Each structure stands twice: as structure tokens, then as C-alpha cells.
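Please keep the structure in view while reading.

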Amino acid sequence: MKTVKVAVVTLVVTFSSCKNDFLDIDPQGEQAAAAFWTSEADATKAVNAAYASLRSWGNTAFPALAVESIPGDDAEKGSSPTDATYFNDYDNFTATSTQGQLGGFWEAQYQNINYANQVLDNIPSITMSESLKSRYLAEVKFIRAYSYFRLVRAFGGVPLRLKVPKDATEYNIPRASAAEVYAAIEKDLTEAAAALPPSYSGEDVGRVTKGAALALHAKVAMYQQKWSDVLSYTNQVMGMGYSLVSDFEKEFRLENENSTESIFEIQSALVVGNAPASNSQYSQVQGVRGVTGGGWGFNVPTQELANAFEPGDTRKDATIIFRGETTPSGDAIPATGDNPMYNQKSYVPFRLYVTGYNEGAQQNIRVLRYSEVLLMNAEAANELNNPVQAIASLEIVRARARGSNPLALPKVTTTDKAALRTAIWNERRYELAMEGDRYFDVIRQGRGAQVFGAKGWKAGKNEVWPIPQTEIDLSGGLLTQNPNY
């Protein structure tokens with residue numbers, strides 16, 4: 001794999017005074033690597049650049065939607081039938097190694113990893129506050145772990161790049177095993193959690209916290225069925241003061257960014273006068289099509305998802321914008337159009353659109369929420385034969401979803417392990433719908449053929465995506481392809 005030259009100031013950012021989003025791009029362009037890595041200010045710029053990379057196109061727009069969302073049963077392509085038809089190859093599992101979104105997703109994750117590695121290789125030698133240095137190193141270890149987690153669940157074993165190559169002899173490395181990648185992820189998260197603070201104030205709000213490292217570690221452990229670890233990490237997070245926003249729909253609105261429920265969000269903002277810094281297209285590509293202030297209309301909910309919610313579940317209307325409705329923010333959705341439904345979690349009210357900027361550029365992207373920690377805790381407790389704790393954690397999530405109707409969503413009371421497991425899996429679907437987890441949840445649960453078989457999913461192949469052919473070619477064949485591709 002090729003490395004990017006050390007020129008981090010092409011993405012140098014500083015804190016925005018209005019939203020603390022690590023956003024404003026330095027207009028001076030590239031700074032020579034030899035003149036960088038000399039001060040605490042340089043360290044801050046480099047770490048901020050790593051955060052900024054997380055909201056790039058490959059991380060949050062078409063490549064991410066193709067690999068992580070549309071293959072599931074909760075989302076489909078959307079837009080007009082003839083627009084970006086390659087998305088259908090992900091929905092019916094005919095995407096090959098040459099399909100460009102795979103390469104875009106791969107490159108985005110390795111760009112994040114490259115920024116993290118530059119920080120980890122260079123900050124230790126800078127004379128600066130030792131406590132800040134320790135924190136910065138921990139923050140980028142989380143970012144690196146997050147990107148490797150996205151890679152390993154999408155592709156299986158991948159090249160494990162843990163430092164910036166010193167010369168051409170270190171550029172080309174083979175795939176590590178999935179187990180080796182998971183071990184590196186867990187090491188990063190263990191070290192990050194030990195050094196990070198539980199919270200921030202002022203301009204630092206939105207940075208990675210101890211709770212974020214623990215919550216991601218729980219998720220990584222869940223994918224490996226390390227249930228004792230999942231329970232331990234989630235129990236720790238549950239003791240850190242997080243709580244659910246009372247209204248599920250409002251958790252995804254701008255006024256509740258970095259809320260008591262938020263464990264980690266990718267920070268975004270619309271910075272007036274600085275369009276390059278307002279570069280998130282997460283909302284834009286999913287927004288209501290054909291409406292000023294809406295968007296392109298991709299990654300839309302399926303009818304199957306709409307039908308899956310239990311009667312009275314407030315999350316249905318909070319997750320799905322239906323054609324012809326008026327949103328809680330007062331936007332009238334046209335009764336006609338290309339798609340009957342849109343993703344409400346990515347929605348930004350139309351009145352906030354500013355001409356010349358991406359629609360919804362100001363919305364943070366929720367990555368880890370406290371409700372998911374509760375559901376991971378429930379799943380782990382059930383697997384460890386503690387149904388009482390599992391039911392208690394599950395009930396906190398369901399209680400909010402009832403809203404003001406006490407008769408909706410009856411409390412789950414079964415202590416049968418298999419039945420309770422199914423109830424928790426279903427709850428993850430309702431709670432986390434359209435957030436990029438459903439597809440990989442079903443696979444880790446061993447239900448790929450059962451749930452996705454009718455769409456073309458095949459066991460022994462579709463547990464992972466093909467390695468991008470461009471990466472195999474660049475490696476001179478050192479990288480091997482996944483089976484049956």
C-alpha cells in the first residue's frame with residue numbers, strides 16, 4: 001500500500017468558535033514536512049487533521065453507504081432508478097473487486113490510519129505538555145482503531161500498517177489475519193482508554209473520550225463474541241454518567257449534538273465564508289430529493305424496515321421521513337417524488353440550507369450512542385446467562401421508544417436465552433436503523449443466508465467484500481483476494 005507524504009497541513013484545522021468542530025482549514029496550503037513536527041501547535045494541527053479526515057466522502061458518503069448500509073435489508077439505493085445504478089450491485093451482492101466504491105472506502109480508512117500514524121510517529125519527539133501529548137496519542141489511537149474496525153468487518157484481514165513507512169522497502173506489506181487486526185485494534189483501544197479523560201469542556205467538546213474508547217472496545221469484542229469483555233466495558237461506560245435524550249427524534253437534531261447520549265460523533269459544521277471546511281456530504285447525499293435544502297435522495301429506508309417496527313414505536317416516524325408528511329421541524333415533504341421514504345436521522349431542516357454549501361453540512365454524524373452501549377450490555381448479559389441484567393438494560397431503551405403511550409412496546413419478560421437473544425437483536429434493528437450497523441450485525445449473528453439469501457447473499461463468500469483490485473495490482477499480487485471473488 002502506498003503512503004501519503006507527510007504534509008498534514010493540507011487538512012490543517014483549528015477550532016471553530018461556534019461549534020468546537022476542529023474545522024477551519026488553513027488557507028495557506030501545504031507546509032513542507034521538514035518544517036513541521038516542531039511544536040505543540042504543530043501537534044494540535046496534526047491531530048485535528050485526523051479528525052477532519054473522518055468526515056470525508058469515502059468515510060461518510062457513497063463508499064461508506066455502499067459497503068456498510070445498502071447491502072442490508074433496512075436500506076436500498078434510492079434516488080432515481082437510473083442514477084448511480086452501481087449501488088444495486090451492493091444490494092444484490094454482485095459487486096466485483098473492480099467496483100469503485102470498494103476502493104473509495106478502503107482508501108478513506110487508510111487515509112485516517114495514515115494521519116494517525118503520522119501523529120504517533122512524530123509527536124513523541126516534540127517538546128510540549130506531556131499530559132496533552134499523552135492525550136493526543138490516545139485520541140489518534142482511537143481513530144486508527146475505528147478505521148481498522150471498519151476495514152476488518154468489511155474485508156476480513158487487511159494490511160496492518162502501524163507506522164509511516166520509512167522508505168520504499170516498507171510500502172508493500174501483505175494482509176494480516178483478521179485475528180491480528182482485531183488484536184491491534186484492541187491494543188489501541190486499551191491504551192487509549194487508559195489515557196483519555198471521561199469528558200471535555202469548552203472548545204474540546206467532541207474529542208474522543210475514555211467512554212468512546214471503552215464503547216468501541218465493547219463493540220469490537222462483541223464482533224468476536226468475547227462476551228465477558230463486552231459486559232465489562234459496557235458496565236464501565238454505564239457508570240460514567242451518560243443518559244438517553246428523552247425524545248428519540250430530537251437526539252439526531254442539531255440542538256442535541258454532543259448530548260448526554262452521545263459517546264462519539266464525527267464533528268461537522270457549516271462555516272460561513274469557508275466552503276472547503278464545510279465539506280461533509282453525509283446529509284446531502286441522503287436528503288429529500290427534489291427539494292431545496294434537501295439532497296440527493298440516496299440510501300433510503302426499505303418498506304421491510306417500515307413494516308418491522310412494533311405498533312406504537314416512536315422510532316419509526318423518527319427514523320423514516322415519509323412522502324407527504326410534515327416533519328417535526330415543520331418541513332412539508334412533497335406527496336410525489338422518486339422515493340416514498342428517506343432517512344430522517346441524517347435530515348437537517350430545509351430552512352438551514354445556505355446557498356453555495358452542501359445541504360446539511362452542519363450535522364454531526366453519530367458513531368456511538370449510549371443506547372447501543374445498553375443493547376450491547378443486554379446482549380452480553382444474556383449470553384453470560386444473566387437475563388435479569390439483560391432485561392433491565394433492554395428496558396431502558398424500549399421505555400424511551402414508547403414515548404407517552406404506556407401500552408406500546410410491552411416490556412420484554414422472557415428469560416429464555418434464545419428468545420431474549422432474538423428480542424435484543426430486534427431491538428438493535430429498531431434503535432440503530434439507518435446508522436450503518438444492520439448489515440454487519442446480521443452477519444456477525446450468523447444469519448446472513450437467512451436474512452439476505454433472497455437478495456443473493458451466499459455463505460462462504462459474502463461474509464466479506466472483495467479486496468479492491470487496484471490494491472492487489474499496486475501490491476504486485478502480494479495482496480490476496482477473498483475466497484470466491
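## The nonpolar cores

Leaving aside neighbours within four places in sequence, I263 is in contact (heavy atoms within 4.5 Å) with T209, G211, A212, A215, V237, Y242, L368, R369, Y370 and V373. The model is a predicted one, in which local features need pLDDT of at least 70 and side-chain atom pairs count only at pLDDT 80 or more, while totals for chains, interfaces and linings use all residues. Residues are numbered from 1 along each chain as its sequence is written, and side-chain values use heavy atoms, with hydrogens and water left out.

I263 is also among the residues with the most contacts inside the largest nonpolar core, together with I123, F142, F155, I185, F264 and W465. A nonpolar core is a set of buried Ala, Val, Leu, Ile, Met, Phe, Trp, Tyr and Cys residues joined through side-chain atoms within 4.5 Å, where buried means under 20% relative accessible area, exposed over 50% and partly exposed in between, with a 1.4 Å probe and protein chains only. This largest core has 111 residues, and its largest share, 15 residues, comes from helix α6 (residues 130-155); helices (H or I, at least four residues) and strands (E, at least two) are DSSP runs, numbered from the N terminus.

## The enclosed cavities

A cavity is a set of points, on a 1 Å grid over the protein atoms alone, where a 1.4 Å probe fits but cannot get out, and its lining residues have an atom within 4 Å of a point. Grid points are joined across faces, edges and corners, and a volume is the space filled by probe spheres set on the points. By this rule there are 5 cavities of 30 Å³ or more.

The largest cavity holds about 440 Å³ of space, and of the 31 residues that line it, E68, Y146, R366, E435 and G436 are the closest to its centre. Strand β8 (365-369) is one of the elements that give two or more residues to this lining, and β8 gives the most, with 5 residues.

## Two positive phi angles

Most residues other than glycine have a negative phi. M434, in the loop between α15 (417-432) and α16 (438-444), has a positive phi near 70°, and it counts as buried because its relative accessibility is 6%. N484, in the segment after α18 (469-474), likewise has a positive phi, of about 70°, but N484 counts as exposed because its relative accessibility is 58%.

Technical notes
1 Å grid on protein atoms, 1.4 Å probe; cavity = no way out; pocket = protein on both sides within 12 Å on 5 of 7 lines; lining within 4 Å.
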